[in-house]
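Hello,

Here is the structure for your files. My notes on it follow below.

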Amino acid sequence: MAPGAQNSFLQGSASGPCGSSTGLTACSGSCAFCHGTDGRTPPTLGRSFYPRVPDLSSAQVQAYSDAELFWIIKNGIHLSGMPGFGNIHSDEEIWDLVSYVRSLGAPSQR
Ligand code: HEC
């Protein structure tokens, strides 16, 4: 955990652990900033990135394995706007974020 947390915007508006169902919503606020509150419709800021911020429910994103999603969320994608969350979220929380991305792709949960 970085002291000072200059990247506080990455932690979303609500703070709390990602583990619980309410906490997961708070934690996915980290993604909402660029990917949209529903993970599918990026806000103006998200659309200003190049490469574009992808729809997290899209086939392109869902094609990644859980391990690949974990790596992407933990390390980010270099040379793009996608930040790594490894220094602000524990591995356990990152697995919860992987589940969050998966839940967006699950047709049963739409
Ligand atoms: C500061 C803006 C920003 C934030 C915050 C952000 N992302 Fe991203 N994300 C991006 C951009 C830009 C890309 C596109 C990168 C590319 O295509 O190279 C991306 C791409 C991705 C991809 C797809 C990678 C690929 O190769 O197709 C996944 C999955 C993803 N983000 C998940 C997340 C999750 C989960 C969170 C919250 C923990 C999050 N992102 C937070 C900007 C952001």
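Helices are DSSP runs of H or I with at least four residues, strands are runs of E with at least two, and both are numbered from the N terminus. This is a predicted model, where local features need pLDDT of at least 70, side-chain atom pairs count only at pLDDT 80 or more, and totals for chains, interfaces and linings use all residues. Residues are numbered from 1 along each chain as its sequence is written.

R47 sits in helix 2 (residues 44-47). R47 counts as partly exposed because it has 13 C-beta neighbours inside 10 Å (20 or more is buried, 12 or fewer exposed, in between partly exposed, with C-beta atoms placed from the backbone). Leaving out residues up to four places away in sequence, R47 touches P42, R52 and V53 (contact: C-beta atoms within 7 Å).

The ligand is surrounded by 24 residues, the closest being C31, C34, P51, G81 and M82 (near: C-beta atom within 6 Å of the molecule). Helix 1 (21-35), helix 3 (59-62), helix 4 (66-75) and helix 5 (91-105) each supply at least two residues of this shell, and helix 1 gives the most, with five.

The largest nonpolar core has ten residues: L56, L69, I73, F85, I94, L97, V98, Y100, V101 and L104. Such a core is a set of buried Ala, Val, Leu, Ile, Met, Phe, Trp, Tyr and Cys residues joined through C-beta atoms within 7 Å. Helix 4 and helix 5 each supply at least two residues of this core, and helix 5 gives the most, with six. Buried residues in helix 5 include D96.

Regards

How values were computed:
Contact = placed C-beta atoms within 7 Å.
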